[in-house]
Amino acid sequence: MSSKKTAMLAALAAGTLALSACGGGSDEAGDSGEAGGLNLVKDGALTVCSDIPYPPFEFEENGEYTGFDIDLMREIATGLDLELDVQDVGFDGLQSGAVIAAGQCDVGASAITITEERAENLTFSEPYYDSLQSLLVPADSDVASIDDLAGKSVGVQQGTTGETYTRENVPADTKVVAFPSDAEMYAAIQAGNVDALLQDLPVNIGHTEEGAFTIAEEYKTDEQYGFAFAKEGSEDLVSAVDEQLSTLRDNGRYQEIYDTYFAE
């Protein structure tokens, strides 16, 4: 890691990566928050916005934020000689691009599926995770497929691709209930207020661990997650993050983090 970091910083100094400040404004503003020309919102830190909790991708443990996304971001920040600063935000404002456009953070890391619609307002890194959708039901439920939701209710997270898939594929008389986060969704199915949850497979798998719920069906939707950046002016930071992702794959650290959360 250290040799790669040294090489990258040398390249930045030589200008071979063409990294330069792109935020505009005064020289003082241009100097503030720059790490090799990355034009960061906070000097010396990579500020990450994430909708927490959403295990296993982001959650709080022993007073600290962790999870697959957060651990990757921590490694990337280290590779860029930066501290990691995580901000907990709502997913809808994050996936729409509003939070990043407001300058609250440098990057969004929150199991964000890359879509054409989102790419109108955000720039994405190279994909870092392939995801499936899934249907979670109580262990004693008679719901075995999405077609069995006729006349029943299903919980989804507002603004997600899971919500889109649900509304496009459930029977016409299914009641779709949108929640702000997984925490509210899970509480609803525990209380019997909805008959099922439809969302990303790894998150639903986490809800099966105590045996009260099971995965009724999985859906291959060809979704990939990406880290999200401002639509304009983030080109240098995106390139730097992509380079760090490549390094983590090459040196095996990506696989180590992946296996921590997804190994069977």
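The model is predicted, so local features are described where pLDDT is at least 70 and side-chain atom pairs count only at pLDDT 80 or more, whereas totals for chains, interfaces and linings use all residues. Residues are numbered from 1 along each chain as its sequence is written, and side-chain values use heavy atoms, with hydrogens and water left out.

The secondary structure of the protein comes to 10 helices and 12 strands, where helices (H or I, at least four residues) and strands (E, at least two) are DSSP runs numbered from the N terminus. Of the 264 residues in the protein, 49% are buried; buried here means under 20% relative accessible area, exposed means over 50%, and partly exposed lies in between, with a 1.4 Å probe and protein chains only. Among contacts (heavy atoms within 4.5 Å) between residues at least 6 apart in sequence, 69% join residues at least 24 apart.

Phe227 itself, when residues up to four places away in sequence are not counted, touches Leu72, Met73, Ile76, Val107, Gly108, Ala109, Thr123, Phe124, Ser125, Tyr128, Val241 and Leu245.

Helix 3 is mostly covered, with 10 of its 12 residues buried. From its first C-alpha to its last, helix 3 reaches 17 Å, close to the 16 Å expected at 1.5 Å a residue, the expected span being 1.5 Å times one less than the number of residues. Just after helix 3, Asp81 takes a positive phi of about 60 degrees.

In helix 10, the buried residues are Tyr254, Ile257, Tyr261 and Phe262. They lie on the same side of helix 10, because they cover an arc of only 110 degrees around the axis, the arc being that of the directions from the helix axis to the C-beta atoms. What covers these buried residues of helix 10 includes strand 2 (59-61), strand 3 (64-66), helix 3, strand 7 (129-138), helix 8 (201-206) and helix 9.

Strand 10 (residues 196-200) is largely enclosed by the rest of the structure, because five of its five residues are buried. Two strands count as paired if DSSP finds at least two bridges between them. Strand 7 and strand 10 run antiparallel and are joined by four bridges, with Leu136 standing opposite Leu197 in strand 10. Strand 8 (residues 153-157) and strand 10 run parallel and are joined by two bridges, and here Val154 stands opposite Ala196 in strand 10. Pro138 also lies in strand 7; Pro138 and Asp195 are 57 residues apart in sequence, yet 7.7 Å apart in space, C-alpha to C-alpha. Leaving aside neighbours within four places in sequence, Pro138 is in contact with Ile189, Asp195, Ala212, Phe213 and Thr214.

Ser181 is placed in the loop between strand 9 (175-179) and helix 7 (182-190), and at 10% relative accessibility Ser181 counts as buried. Residues up to four places away in sequence not being counted, Ser181 touches Asp51 and Gln157.

The structure holds one disulfide, defined as a pair of cysteine sulfur atoms within 2.5 Å. This disulfide joins Cys49 to Cys105, with an S to S distance of 2.4 Å, and links distant parts of the chain, with Cys49 in strand 1 and Cys105 in the loop between helix 5 (98-101) and strand 5 (107-108), 56 residues apart. The torsion about the S-S bond of Cys49 and Cys105 is about -115 degrees, so the disulfide is left-handed. Cys49 is buried, with a relative accessible area of 0%, and Cys105 is buried too, with a relative accessible area of 3%.
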